[in-house]
Structures are given as structure tokens and as C-alpha cells.
Amino acid sequence: MEHKFDIIIVGAGGGGLFAALEAVRTNPQVSIAVVSKLYPTRSHTSAAQGGVNAALANKDRDDTVELHVFDTVKGSDYLADQDAVDYLCSQAPEVVRELENLGAPFSRFPDGTIAQRPFGGTVKDRCCYCADKTGHTLLHTLFEQCLRRGVKFFNEYFLLSLEHADGECQGIVAMNMRTSAIEAFSAKIVILATGGHAKMYWNRSSNAAGNTGDGQAAALRAGIPLKDMEFIQFHPTGLRKSGLLVTEGARGEGGYLLNRHGERFMARYAPQKMELGPRDLVARSMETEILEGNALTSDAGSYLELDLRHLGAEAIKKKLPQIRELSMHFEGIDPIEEPIPVRPTAHYSMGGIDANMARTAVSGIYAVGECACVSVHGANRLGGNSLLDILVFGKRAGQEAALEAPRRPLRRVAPSALWKAADELKSYTSHERYERYGIIREEMGKTMADKVGIYRTEERLRQGVEEIRALRERFRHIRLFDTGTVYNTNLVQILELKNMLDLALCVAETALVRQESRGSHYREDFPRRDDEAWHRHSLCTLEKGGDVRLAHKPVTMGKYSLETRSY
Amino acid sequence: MERKEVAFRIYRYNPQVDRQPFYDNFKIAVERGITILRALNYIKEHLEPRLTFRAFCQAGICGSCAVRINGVSKLACTTQVWDELTGSGDDPILVEPLNNLPVIRDLVVDIDPVMEKLKQNYSWVRPAIAEGEMGQKEHCVSDGEFEAINAATDCILCGSCYSECSMTEVNPRYISPPVLLKAFRMNNDTRDTLGCERLGQVSGDNGLWDCAHCYKCAEHCVKHIPIVDGIHRLREEMFERHMTRSEGARHAQAFFDDIRSTGRLREATLPLRTLGVVKTLRMVPLAAKMGMKGRTPPFVVKPVPGIDRVRGIYRRLEANRAAKQGGE
Ligand SMILES: Cc1cc2nc3c(=O)[nH]c(=O)nc-3n(C[C@H](O)[C@H](O)[C@H](O)COP(=O)(O)OP(=O)(O)OC[C@H]3O[C@@H](n4cnc5c(N)ncnc54)[C@H](O)[C@@H]3O)c2cc1C
């Protein structure tokens with residue numbers, strides 16, 4: 001079966017939906033469709049709690065776009081491309097107001113303007129929020145506006161491959177999850193917005209089960225390079241048992257981090273910013289406390305405490321209602337009465353599909369949001385900048401695609417692409433196969449957490465690379481025991497595991513090669529930033545045999561030159 | 001850590017192989033603090049890989065994993081196994097797909113009907129700001145205006161209320177609670193300009209006036225949203241906008257008038273006042289049948305004793321309303 005559209009958007013999170021909305025608004029004549037493995041409102045954007053940054057200057061009247069750019073560049077440990085950061089921050093006030101105009105229920109200051117709160121790693125309070133359900137409300141607002149504009153959705157369709165001929169986009173191949181039918185979507189333009197890949201750390205991750213980097217893996221296999229894959233952000237405050245996230249907003253509102261001795265240990269690591277230091281620093285400080293035996297211990301592992309009690313019941317109920325609920329559901333404690341047990345958790349993938357202002361190496365294929373690396377986050381993303389990233393670049397890609405589509409011919413997906421996909425899916429059910437999904441997945445998660453985690457060394461990374469290679473080898477024998485074609489979740493899990501394994505290898509290999517510490521990438525054996533050798537982006541491509549080939553690319557500089565990063 | 005053998009009784013149906021649905025039993029050792037979703041994942045990974053359900057964020061915010069647990073619709077990821085133990089703790093925990101939606105496989109239902117209804121009922125804000133001026137300035141919104149819709153914006157479209165709704169059960173075309181909640185949320189958003197059209201749309205056939213106030217939607221809302229308050233508010237808004245010509249509005253008005261004048265319902269003339277002459281004539285056979293059984297409602301209704309107190313309530317309500325409108 002073949003569908004034909006001018007523009008196909010893969011992914012219905014904030015990035016994909018804004019792209020769709022903007023494409024229809026820019027040019028109602030183009031035909032567009034959104035293909036998503038989830039119903040749109042279930043996308044992981046809904047999980048973003050804290051907020052979105054924009055220099056509206058509603059709180060700190062002297063905040064400016066300039067300062068936002070500076071915070072972002074410094075936060076990135078100078079690895080961000082400054083032209084992209086300029087664009088991100090200068091568009092921020094407009095996109096946030098636009099979302100407000102379209103109905104997003106932002107929290108307000110007494111004067112009726114959009115409220116802003118402090119967030120980590122910034123000199124001004126510029127994080128706009130809707131209580132602690134910011135992502136959820138933005139996602140719903142965008143979905144509602146897409147319904148209003150009659151955007152066509154293919155929900156519960158799984159992207160299998162990205163198709164292009166001689167560097168010109170042809171479309172995608174996707175599987176209808178309800179029937180397992182393989183369908184071609186020929187399109188002049190494809191916008192990838194498939195979200196992040198931090199789930200490869202499995203239960204040491206704040207991410208949803210399906211944040212498996214499917215778009216990145218499809219791009220990799222289609223020959224599009226991935227960039228800066230070694231940079232995985234660990235969020236300081238994951239719940240002890242589940243890894244689920246307690247928003248940085250909790251510290252923004254004044255929460256303390258305490259160790260076993262009841263000490264606010266951040267005083268020793270970031271005396272000025274304390275708990276609101278940038279994420280990489282806070283996460284590492286916590287890990288150090290854990291390693292040095294200053295943590296509390298429990299059956300579910302070592303942990304530290306996030307204390308909100310001094311904020312008072314009123315403030316907790318009003319500003320952090322979800323956090324309270326999560327703590328009660330998943331840790332069985334009420335933060336009004338007890339501190340929340342937390343530890344760092346893999347959270348965000350800075351790396352992704354190499355994109356220049358949303359355009360990839362293949363003409364007609366765009367990438368936006370967490371699956372892309374534009375790069376505005378460099379080696380470390382600031383809280384509140386990711387929602388901004390998906391809005392700003394989602395919008396831009398939608399706009400450009402709508403203008404570009406009429407000028408491009410439609411090149412069709414070759415039938416052979418469908419046969420190839422069908423062969424692959426069939427091969428999983430072969431009786432000669434014996435490996436089990438659950439086992440490989442567990443081992444992958446453990447390898448990533450233990451060998452490619454917060455503190456990295458040559459030795460552990462080498463082991464990590466070897467172990468992931470071995471797991472990829474074992475994956476070739478993975479067996480799909482459920483041979484049904486109606487809503488086969490086992491098949492989807494296998495496809496996701498394949499994607500995570502390919503990306504995990506990219507993460508481990510690039511981490512091994514980068515012999516310096518920068519942002520979220522911390523090498524115990526190379527604890528300093530080495531601008532001479534390493535102030536550059538890493539690129540990965542896949543070789544025919546499945547090995548990863550590495551290359552580099554210069555960082556686009558701008559107003560701000562390299563400086564040491566201290567808080 | 002407290003541990004226990006827990007039995008699960010799970011609805012199974014794969015249209016490809018099963019002639020009809022059946023229930024599968026599993027017994028697993030569970031420790032206290034484990035959620036139903038983790039138990040389902042365990043069963044899928046260790047006992048029955050074919051068991052099919054949706055789950056995604058595992059944090060109660062995406063709404064994917066809504067199922068019926070011991071007969072009640074809720075999220076598997078935020079429901080503790082321990083809270084579902086019944087009897088002496090040995091009864092199996094029953095897990096079934098949501099009601100009122102077609103089953104695709106096992107616990108997975110088709111939620112397209114919800115999406116369709118959202119689409120048909122203007123479930124979005126149409127802002128006053130012109131397209132070309134988007135993003136230039138903020139609307140000014142007071143905390144009070146925001147509070148009015150705050151709870152409603154918590155809706156995650158998980159489908160639990162849809163599954164619990166007794167009206168949707170008898171009439172699949174009924175607009176349904178989540179769609180009415182969205183309408184309430186939009187109509188009370190001071191930035192929206194579609195109020196009248198949306199209200200007209202949602203109050204049509206199978207719409208707003210069909211809600212039977214069973215309150216099950218609100219009772220089982222996983223986000224504790226007072227959905228029925230929203231539905232009432234929409235009905236009030238119809239009167240405020242003088243959109244009183246629909247059967248539903250006339251029906252409500254007739255109740256209102258009857259209770260004020262006599263404290264009782266004048267059932268004999270209710271159809272005439274609600275449905276109008278033509279439709280009332282169609283009810284003649286029913287009335288005749290009722291008459292034969294001696295069930296004819298009285299034509300003359302005398303005021304109840306203490307009618308003055310009833311009217312006093314009306315006076316107070318009207319004074320309240322006048323005060324509120326004066327204040328705005
Ligand atoms: C717990 C948590 C809290 C966060 N809080 C904040 C915050 O406060 N502020 C902030 O700025 N950022 C925050 N972030 C980060 C931010 O939420 C995400 O980076 C962002 O929402 C990603 O949006 P997206 O549109 O790129 O992708 P997503 O919202 O993840 O959407 C991905 C889409 O792609 C689709 N898709 C994926 N694979 C396939 C496939 N194979 N086939 C078809 N479709 C597919 C999915 O169905 C989905 O619709 C948080 C992240 C987490 C995990």
C-alpha cells in the first residue's frame with residue numbers, strides 16, 4: 001500500500017505537532033500527514049514538568065535575549081553552535097506568546113502576565129510554566145490546534161525506514177501497528193520528530209518506554225550522520241525506585257538536596273548557585289556523594305534526599321502537585337511530611353541527527369526536537385531549553401517545508417523498500433532463532449548505566465563498547481515468539497531494541513574517543529576540558545558491516561569565545 | 001519487604017485466533033509497592049509474551065495504560081497491587097479493557113471514537129488575536145480566570161471517564177464526558193471566541209443534555225477533575241446565552257418552573273413543554289398504555305406544604321446570581 005503526501009511528519013510530540021501546524025498555516029495547499037507510533041497526546045512531551053525558557057522579562061525586567069544566549073552557550077560548555085542558539089533564543093518570546101495566544105494555560109503573575117521561575121544554570125528567572133504540567137498542556141494545546149486545522153494523523157504507525165535516492169528524499173516505510181501491514185509513505189519532504197533515546201539506560205532513565213531513538217536509528221541506517229552522541233544528560237533528581245523524574249522546578253521553588261548527614265552538600269560543589277547549578281554539575285556532585293558513602297541506603301539502592309518540607313503544604317500543593325502525586329504513588333511518601341528519595345537518572349539525549357537549522361544531509365529530510373542535534377544544547381542542555389528547542393525548530397521546519405514542497409518533485413518510495421522491510425519482519429519469527437528480548441534489553445540497560453554512565457573511564461568505556469557489540473551480535477538471533485499480526489507489541493519491542501542497540505554503540509564509541517571532560521561527558525581519566533583537541537562535534541555513520549565510523553565537524557562560534565565554565 | 005503471591009485474572013482476546021474473549025489466570029510473587037503495570041510487565045516478560053496492553057510514560061501523565069481493574073477504570077501505572085487486593089487478599093485481581101470502546105486485542109481498545117468526537121466538537125481555542133499578530137503580545141489573564149479552568153486542563157485523555165460513562169454505554173453516539181470537559185475548558189477560557197458555536201454543537205442530539213448525572217465520570221477520573229461541575233456549568237451557560245430552544249434546555253426550564261410554582265413536577269404536561277406538540281403527539285400511545293395501567297400522572301398539582309421555603313431557596317439563588325453578575 002502506498003500513501004502520497006507533500007509532507008510527512010514522523011512523530012506527534014511538541015516538535016512534530018508544531019511543524020504540522022505551522023506547515024498548514026504557511027501553505028494550506030500542501031498535503032500533510034503526521035505518522036506516529038503513539039496517539040499524539042501520549043508523546044513524551046507530556047512528561048515535561050518544569051517549563052520553557054523565554055526572555056519575556058516578566059519577572060526580571062532586565063532579562064534579554066542576549067543573556068539567554070549567553071546562559072545557553074555557557075551551559076553547553078561551548079559546544080553549541082552559536083548561530084542556532086541565537087535563533088533559538090531570539091525566537092523564544094514569540095513562540096511562547098504564540099502558544100499562549102493559542103490557548104496554553106500558562107501560570108500567571110498577579111499582573112496577569114505569564115509567570116516565570118528560576119531554573120538551573122541561568123542568571124535570570126525566565127522559565128515559563130503551567131504549574132508542573134507544562135509539557136502536558138503545551139502538547140494538548142498543539143494537538144487541539146492541529147485538530148482545528150484538520151491535520152491528518154496516522155496514529156499507531158511505526159517508522160521502519162527512511163528512503164532517499166541519491167540524497168533526495170523519497171519518503172518513509174512504516175508499519176501499521178494494528179495490522180502489521182507495511183506501507184509506503186511517499187513524500188517530497190519528511191520531517192523527523194521522533195524524540196530522544198535516553199531509554200537505552202532502561203530503568204536508570206526518566207524516559208518513557210518508547211524513547212528508543214527510532215528516528216535517529218533510521219537516519220543512521222539511511223546514511224545520515226548522528227552528532228555528539230556521547231552527550232547524555234543525567235538529571236539530578238530521579239525517584240530512587242523508578243528513575244521517574246522530579247522536576248528541576250522543585251529546586252527552582254527552593255527545594256534542598258541533603259545527604260545522609262542532613263547536609264546541603266551542594267554548598268561544597270557550587271557555593272553560589274547551590275541546588276540550582278547546571279544539571280551535569282549537580283548530578284555529578286550527587287554521584288560523588290553516593291560514591292563517597294555520604295548517601296542513604298535502602299533495598300532499592302543508595303539515594304539522597306530532596307527536601308521540600310520548608311516550602312509549606314500550600315506551595316507544594318499549588319506549584320508542585322504532580323511531584324507530590326508521583327512521590328506518593330511511586331515512593332509512598334508525601335513530600336509535605338518527608339523528604340523525597342532521589343538519585344541521578346539518564347534523562348535527555350543532547351546528541352541526535354546532525355541537522356543544520358533543522359535540515360539534514362539529505363535534501364528534503366528535516367529533523368527537529370530531541371531526535372535532532374541542531375546543536376543548541378552542546379554538551380549539556382539547560383532545563384527549559386528543550387521544550388523551547390522543539391517549539392522553535394518544529395515551527396521553522398514546518399514553515400520551510402511548506403514553502404519548499406511546491407518546488408520539489410515527488411519521488412516515490414521504491415517497492416523494493418517494502419519487500420526488504422517485510423523480509424526483515426518475517427525473519428524474526430524464524431525457528432532457528434533463540435535469543436530473548438527481555439534479557440538483551442536488561443543487559444543493555446545495565447551496560448549503559450555501569451560502563452557509559454555519569455563517570456567514565458577508558459577501561460569501562462572499552463568494556464561498554466565490547467558488551468554492546470556482543471549484544472548486537474546476539475540480537476541477530478532474537479526470536480519473535482508472537483507471530484500474530486494484530487497489535488503485536490512484541491514485534492514493536494524488538495524493533496525498538498534494535499534501534500537502541502545501534503545508538504548505544506554510537507554513544508559508547510564516541511564517549512570512548514572523546515578524551516576530555518565537557519558538559520555531561522565526564523572522563524575520570526581526562527578530567528579537564530581540552531579545547532585544543534576536542535572543541536569540535538563528533539559525527540557517527542554506520543559502515544556496511546555495521547561498525548560505527550567516526551568523524552568530526554567544527555563548532556560554529558559567535559559572540560562568545562571559549563571560557564572556563566564555573567558556577 | 002512484604003511479599004505475596006497474587007493472582008491476576010486477565011481478559012484475553014485476539015481476533016485472529018480466538019472465537020470469543022476469555023480470561024487467563026496468572027499467579028506471581030509481588031512485593032508491596034509494585035504497581036499493576038509492573039505486574040503486567042512481569043507477566044508479559046516471564047509468563048505470557050503475547051499478553052497485549054499499552055503503556056508508555058509509566059508516570060501517570062500520558063494516559064496510555066488505562067484499563068479496568070476490579071471493574072473500575074484507572075491507570076495501571078499509578079495503581080498499587082496492594083490497594084486492589086480484596087477478600088482475604090487471595091481473590092484474583094481482575095484486569096479488563098476499558099468499556100464502551102471496541103477491543104483491538106486483549107487490553108488494547110480503539111480510541112479513535114474519542115478522537116472523532118473531539119474533532120466534531122470544536123475542542124480547541126479559537127483565539128481573538130488575528131493570525132498575522134500571533135506571538136506579538138500576551139493576553140492578560142488573571143489568576144482567577146486561570147483557576148476556573150485549571151483542573152480541566154489536567155485531562156490526559158486516558159479514556160477512563162469514557163469507559164465509566166453510563167450514557168455512552170447505552171448510546172455510543174453520546175458526546176461523552178471528556179469531550180464535554182474540553183468544551184467546558186474552552187468555553188471558560190477568556191481567550192476563546194467560539195463559545196456560542198461550540199455550545200450549539202455540543203448541545204445537539206446525543207449531546208450535553210443527555211448526561212444523566214450518574215457522576216461516575218467524575219468519581220473515577222484519574223486526575224480527580226470535577227467533570228460533572230463542568231457539564232453543569234455548560235448547561236448554565238446555555239441559559240445565560242438564552243440558548244433555550246433545545247429540548248434539553250426546555251426540559252430543564254420546565255423542572256425549574258414546576259418546582260418553583262408547586263414544589264413538584266407536573267409530569268402530565270412535561271412532554272408538551274419539553275418536546276413540543278408534534279413529538280408529544282407521538283407519545284400518545286405510550287400515554288394510553290400508561291392510562292390503562294392506572295399510571296396517568298395527575299393534571300392538577302397542588303403545591304407541597306412548605307412551598308414558601310422552596311420559593312425562598314429560589315429567591316436566594318437569584319439574589320446570589322444577581323450579586324455575582326453585578327460583580328463582574
Ligand atoms: C520527565 C521529563 C521531564 C522533562 N521536563 C522538561 C522541562 O521541564 N523543560 C524542557 O524544556 N524539557 C523537558 N524535558 C525534555 C523534553 O520534554 C523533551 O526533550 C521534548 O518534549 C521532546 O519532544 P519531541 O517533540 O522531540 O519528542 P516526543 O515528545 O518524545 O515525541 C516523539 C514522537 O515521535 C513518535 N515516534 C517515535 N518513534 C516513532 C516511530 N518509530 N514511528 C513513528 N513515530 C514515532 C512518538 O509517537 C511521538 O509522537 C523533559 C523530559 C523528561 C523525560
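Predicted model: local features only at pLDDT ≥ 70, side-chain atom pairs only at ≥ 80, totals over all residues.
1. In chain A, helix α2 (residues 65–75) and helix α3 (residues 82–101) have axes that come within 9 Å and cross at roughly 135°. Angles over 145 degrees would count as roughly antiparallel and 65 to 115 as roughly perpendicular, and α2(A) and α3(A) are therefore oblique to each other. The crossing in which α2(A) passes α3(A) is right-handed.

2. The contact between these helices is made, on the α2(A) side, by Val65(A), His68(A), Val69(A), Thr72(A) and Val73(A), which meet Gln82(A), Val85(A), Asp86(A), Cys89(A), Ser90(A) and Ala92(A) in α3(A).

3. Chain B holds an open sheet of 5 strands, ordered β2-β1-β5-β3-β4, with mixed pairing. Its edge strands are β2 (22–31) and β4 (72–75) of chain B, each of which pairs on one side only. On average, and with direction ignored, neighbouring strands of this sheet are turned by 35° against each other.

4. Within that sheet, strand β3 (residues 66–69) of chain B runs antiparallel to strand β5 (residues 93–96) of chain B, and 2 bridges join them. In this part of the sheet, Ile69(B) stands opposite Val95(B) in β5(B).

5. Helix α1 (residues 36–46) of chain B packs on the sheet, where α1 touches β1 (3–12), β2, β3 and β5 of chain B. The direction of this helix makes about 75° with that of β1(B).

Key: Residues numbered from 1 in each chain as written. Chains lettered and ligands numbered in written order. Heavy atoms only, no water. Axes fitted to C-alpha atoms, helices over the stretch in contact; angles between N-to-C directions. Helix = DSSP H or I, 4+ residues; strand = E, 2+ residues; numbered from the N terminus. Parallel < 35°, antiparallel > 145°, perpendicular 65-115°, else oblique. Left-handed = near helix turned anticlockwise from the far one by under 90°. Contact = heavy atoms within 4.5 Å. Pairing = 2+ DSSP bridges.
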